[in-house]
Amino acid sequence: MTFFAHLAFVHQSALDPAGEHARAIARLWDVFLGITTVIYVLVMIALVVGLLRKREGDASRNPRSTYVIVSIAGGLTVVILFGLLIASIFTGRAIAERPKNAIGITLRGKQWWWQVEYEAAHPSNRILSANELTIPVGVPVTLHLHSSDVIHSFWVPGLHGKRDLIPGHDGSITLLAEKPGVYRGQCAEFCGVQHAKMALWVNAVSPSDYARWADAERTPARAPQTEAEIAGQQVFLRAPCPLCHAIRGTDASGSTAPDLTHLATRRSLGAGALPNTREALGGWIVDAQRAKPGCQMPSINLRPDELSALVDYLGSLR
Amino acid sequence: MSARATIDVSELPAHAFGNRSIMWWATVGVIAIEAAVFAATIATYFYLQGNEKSWPPADTPLPDLLWPSINVLILLVSLVPNQIVKSAAEHHNLRTIRIGMIVADLFAVAFVVVRALEFRHLNVSWDSNAYGSITWTLLGFHTFHLVTDLADSIVLTVLMFSRHAHEGKRFVDVAENSFYWYFVVISWIPIYGVLYWAPRLL
Amino acid sequence: MNELEERALLEKTWANESGPFAWFRQVDHRSIGRRFLFTAFVWFACGGVLAALMRIQLARPNNAFLSADRYDQIFTLHGITMMFLFGVPVMEALAVYVLPLMLGTRALAFPRANAYAYYLFLFAGIMVYTALLLGMAPDTGWFSYVPLASPMFGPGKRVDIWAELVNFTEISALVVAIEVVVTILKQRAPGMSIHRMPLYVWSMLVTAMMILFAMPSVMVASNFIGLDRLVGTHLFNPAEGGDVLLWQHLFWFFGHPEVYIIFIPGLGIVSSITAVFCRRPVFGYTAMVLSLVATAFMGFGLWVHHMFATGLPQSGESFFTAASMMIAIPSGVQIFCWIATIWLGRPSYRPPFLFVLGFLAIFVIGGLTGVMVASVPLDLQLHDTFFVVAHFHYVLIGGAVFPLLGGIFYWFPKMTGRLMNERLGHLSFWLTFVGFNLTFFPMHKLGLAGMPRRVYTYLPETGWTTLNVLSTIGAGILSLGMLVYFGNALWSMRRGRAAGSNPWDADTLEWSTSSPPPVYNFQHLPVVTSREPLWHEPDQAPIVTGLAPDKREVLITRVLDAAPDHRYTYPHPTVWPFASAVITGMMLVAGLFTPWAFAIGMALLAIFLTGWFWPSNPKKEGDA
């Protein structure tokens, strides 16, 4: 465990905007920070001078000049606040949702992961995934936000502010990435015991890379090739896994847990609880509760050889 | 010590009515709290209504109008003995207080009995849907406040027949109790309107 | 009767009883006020320990010091403790003690109700900390949002315990609020007309009125969720027409005024201390009063700013941004008036005043970050992050706790007859000031760097570790400051330097009587002829005579001009308030399990309340 980690290799900062909306907000932040800092310094200077100044005469006099100065200060307060209000309203208008030709993605918040469904007119063109979005740079993407359990909140600070997912009140948020990169986010509304481990990633790529990615995602699962992978697929289908998980192109069509069709392309397991490595995947299957106590994934009892084959198979689902 | 001016209060009365009395102010405080409760509950009623296309929702019948309207009449008429009692208290007229309070209490009892009939004729259960829930809850809060005031009034009535009846403060208590009854009656009117007329008119 | 005889008779009339059960029968505002304060600080210490546990857990990424479930109970209980068991009650407790003395009367209005409110408050804390020890403390946050708190996603009794805690503490606070309003309006010393009331009195009047209108909203919310959980109503169930956002509206309609309820008394304390330690009245009395009143009114119009991320219509959001920013105006005016007071007066850097300076330095930062989160676009990034945690600790610790610590130091000699040690006072101030800033300033950056609230852990790759470590170190220093402060208080109660009646040469009426005051507060009730009675020839001021010393008589005066109106007799000690509080407590706890508890409980309570209000022997007065 590193104690003083200087290097952050996740991009999760509101002050490092990579999206149109986050940039507008960061500019507003600069304005507010500048003005409030000046105000604070002036007030503290007034206080310190007031404490240290030499005084003479009757302390309980109320000179006229004091009334004038306090009134001016009050008036300035009003003016400055109005200015900040106007700046805020303008920025609000700039980041407001507008109907556009946007790519539509339905994002369903669940305890404690994100179900991702790229909308398409034809069902065979839908893309189903979990905890990760890939989007093209420079193209608006509207997330339709939905929750059927508790309130969650979608928040990827590098791209935009947050928007709650509220049962009974569907909402939406539009993102527009300005440069390629990987932007991390987290659920930002306390949603239960594993709220802390409900992360998601947005991969912003060039439009051509996006098109390639989308084509690949639409294809059904890669057929198992090696002996281990074939055995692993059998383990998967015999185990309880298909009750919850789907792998398109096989008989597994469970819909209450993440779609695993292209699992190997994702960067984490358990919405950020573990990295997506072979070892972590084995541990997750056998004892998910260890990494994410209280999560919905049960422990699956498998023999070591079964587990190894299963992990091989899942690792092949690119 | 001897050079100081003094204000001698020994001749002042030992009790006072209306907004001179601390009981009046306490009663106003309680009224403020209960009004806030009713306001929040009524706001909830309309908030939930705003979510539905029809209100009551489809397949839920309207609540019957007969019993609550009878209750409106009972309460309005009860204001007569109530005012008589209040005035009698301010004039320290014990005999009128005693008779008047018994009459007022009877009106309140009648109201509670009819209230039970209101509940039976709401035509929805509290756990059917949100409309049923808020209807029962709003009527339930009012019933709670009515029943507690009735209990309070009965105790006070008994007190006015006891040996304590002649104390100055008791007359203030009776006056404040009557003052509070005005609130019970006046608060029923909007609640009646919300529960029984809003679903019909809106 | 001569002076000595009169004092002896007053002593006898107002005496607190002695004996094994006497503690449960006391109704005297000072003894209730002391135990109210003591209990509130015990809960404060508990809440502080919970915070320390949280800081230890967050000092390292992927820390296993606390499990997720434990952490959730702890952060929930920390919030519940500070908001429901400390923030409001401690300010009410101080008022219970100080107000009658500052107003020149012998008692707080409705003494038995005051005792009842205290016991309910005590039982509330006992209930919820017992739940923690049993591993079933509420764990859905102090604001307990639905659907997480609904029967489907919050099984067990945890949320029900939250709902009953709210009932306990809100009933207690509402009862005390009525007493405060009535005492201030009707029991002021003759001559203390409405424009001669000390600013602290104004702050408590405004606070008590806010309580009357704000707290019912959360009681309605908690009883609604109780109904949903206990009897199957669907008020918050979207599947049957209920609404999840309804909860947020009801809760925050209370929740926003709640924070003003907590820090407006702090503003009153600041005025008291600033005047005394700058040797002059606070500048701009009328502006100060209007600012308090304006803040209270406007505080009711801001609540939606807690809901900016829920997708409200933009026009609505703009209104709430405007209101949330504009409320900074009256607060700003008050700050300018205090600075003017300091500018014109002669400051003396004794500990109470240091805490006022700490308040100014810290609260203004909190107010300014408040203006930031009032802006919808900014709030969309900052909401539910550690930035907000920083903001509200700056305004609440800066705006309420620092003044409170100053106020305790200031009124300590009046309460105990001894002064707190000044050197320890200075030390505790600096430790607290430095510790506080080190704990909470880094949190601004953490929020901007993407760290959400209410997370039991985080990954090392986020880069949040360093700031979290700094914050935890700060928490250690802050804890030390608190230990020194309260250690000083406890030690000084027995060993502090003896204080006379007015060790600070202060201006308000409580300093005209002995330290501690006799049990009847004043032998002769004072009459007031100015805003600063003790600074204007107090020995020449008139006094009130004619109140009977053999009955617990107080003088009731008129609301606006405080002219004497009539006399009122208050009750002797009695056990009914305690007994009624026990019945109420049992009813609320049984209500965790069955709705019948309320029917049976109310019936029992009716019997006990009848016993309470039934007049005693006419010879021995005491009826209200």
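I7(B) stands opposite V544(C), a residue of β3(C). Three bridges join β1(B) to β3(C), residues 543–545 of chain C, and the two strands run parallel. Strands here are DSSP E runs of at least two residues, helices are H or I runs of at least four, and both are numbered from the N terminus. Two strands pair if DSSP finds at least two bridges between them.

This is a predicted model: local features need pLDDT of at least 70, side-chain atom pairs count only at pLDDT 80 or more, and totals for chains, interfaces and linings use all residues. Residues are numbered from 1 along each chain as its sequence is written, while chains are lettered from A and ligands numbered from 1 in the order in which they are written.

Now widen the view to the interface. 43 residues of chain B are in contact with 47 residues of chain C (contact: C-beta atoms, placed from the backbone, within 7 Å). On the chain B side, β1 (6–8), α1 (22–51) and α4 (130–159) each supply at least two residues. α1(B) gives the largest share, 15 residues. By class, this side has 25 nonpolar, eleven polar and seven charged residues. Nonpolar covers Ala, Val, Leu, Ile, Met, Phe, Trp, Tyr, Cys and Pro; charged covers Asp, Glu, Lys and Arg; the others, Gly among them, are polar.

What about the other chains? Chains A and B do not touch; their nearest C-alpha atoms are 10 Å apart.

Stay in chain C for a helix pair. α7(C), residues 244–277, packs on α11(C), residues 351–374, at about 125°, with the axes 9 Å apart. Axes are lines fitted to C-alpha atoms, for helices over the stretch in contact, and angles run from 0 to 180 degrees between N-to-C directions. That makes α7(C) oblique to α11(C) (under 35 degrees is roughly parallel, over 145 roughly antiparallel, 65 to 115 roughly perpendicular, the rest oblique). V270(C), I273(C), T274(C) and F277(C) of α7(C) meet P352(C), F353(C), V356(C) and F359(C) of α11(C). The residues of this contact divide into seven nonpolar, one polar and no charged.

Finish in chain A. An open sheet of three strands has the order β4-β10-β9, with mixed pairing. β4 (132–136) and β9 (181–186) of chain A stand at the edges with a single partner strand each, so one side of each lacks a neighbour in the sheet. β9(A) pairs with β10(A), residues 199–205, in the antiparallel sense over six bridges.

Methods: Contact = placed C-beta atoms within 7 Å.
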